[in-house]
Amino acid sequence: MDELNDIFSSCKKDMENILEKLKKEIHRIRLGSKSVSSFLGKIKIKCYGTFFPLIEVANISIIDNMNISIDPWDRSIISDIDKAIINANLGFIPTNKGDSIHIHLPIITEESRKNMMKKIKLQTEYAKVLVRRIRSKNNQYIRKLKISEDVSKTGENRIQKMTNEYIQKIENFFLHKEKEILRI
């Protein structure tokens, strides 16, 4: 039974990792300055012979919904910050103003929103496929165990319930994100 419990915990952990990865990927899809500023803070800047997150070397200010200002604490690294933002390929070009960097976010059109939703839907469906693969893999592990058929079926049913739970969580996250994108 310990082997069965190990399979259950491993399965749950793998499914949770897929859900978290999906959330990170989808949160990267920007809607306004608040969502972009959180990603900017995580961008790694090469300076002082190593890499630092932008949030540790500069102040990130949200001017309004479509504008962000980045004020480095050390003006000598402003070009490094500029390069790192461009290389992050977030869909906008920063403007280096000498002592700060200004980012103007383009307005999101209806067509852009629909394209975002298509990308999110593809990522969501792929996450569901991954969850189902985990179910299949763990069901095979259960079948290989030397346990009775009843216990094996009970284990497979428990894995199926876990699968249904995570697929529902993925779907709920998608619906929440869809509402958020289409509402703006």
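The following conversation asks how several descriptions of this predicted model are reached.

User: What should I know about the model and its numbering before we start?

Analyst: This is a predicted model, in which local features need pLDDT of at least 70 and side-chain atom pairs count only at pLDDT 80 or more, while totals for chains, interfaces and linings use all residues. Residues are numbered from 1 along each chain as its sequence is written, and side-chain values use heavy atoms, with hydrogens and water left out.

User: Why are helices H1 and H5 called roughly antiparallel to each other?

Analyst: Helix H1 (residues 2–27) and helix H5 (residues 110–144) pack at an angle of about 170°, with their axes 10 Å apart. Angles under 35 degrees count as roughly parallel, over 145 as roughly antiparallel, 65 to 115 as roughly perpendicular and the rest as oblique, and therefore H1 and H5 are roughly antiparallel.

User: What kinds of residues make the contact of H1 with H5?

Analyst: They divide into 15 nonpolar, three polar and four charged, where Ala, Val, Leu, Ile, Met, Phe, Trp, Tyr, Cys and Pro count as nonpolar, Asp, Glu, Lys and Arg as charged, and the others, Gly among them, as polar.

User: What makes the pair of tyrosine 48 and phenylalanine 52 edge-to-face?

Analyst: Rings of Phe, Tyr and Trp (its six-membered ring) pair if their centres lie within 6.5 Å, and planes under 30 degrees apart count as stacked, over 60 as edge-to-face and the rest as tilted. For tyrosine 48 and phenylalanine 52 the values are 6.1 Å centre to centre and 75° between the planes, so the aromatic pair is edge-to-face. A search of the whole structure finds one aromatic pair.

User: Are tyrosine 48, phenylalanine 52 and threonine 124 buried, exposed or partly exposed, and how do you know?

Analyst: Buried means under 20% relative accessible area, exposed over 50%, and partly exposed in between (1.4 Å probe, protein chains only). Tyrosine 48, with 52%, is therefore exposed, phenylalanine 52, with 25%, counts as partly exposed, and threonine 124, with 0%, is buried.

User: Which residues is threonine 124 in contact with, leaving aside its neighbours within four places in sequence?

Analyst: Threonine 124, which has its place in helix H5, is in contact with Leu22, Ile26, Ile170 and Phe174, contact meaning heavy atoms within 4.5 Å.

User: How do you know that the charged end of lysine 121 sits over the ring of phenylalanine 174?

Analyst: A charge sits over a ring if NZ of Lys or CZ of Arg is within 6 Å of the ring centre and within 35 degrees of the ring normal. The charged end of lysine 121 is 4.6 Å from the ring centre of phenylalanine 174 and sits over that ring.

Note on methods: Axes are lines fitted to C-alpha atoms, for helices over the stretch in contact, and angles run from 0 to 180 degrees between N-to-C directions. Helices (H or I, at least four residues) and strands (E, at least two) are DSSP runs, numbered from the N terminus.
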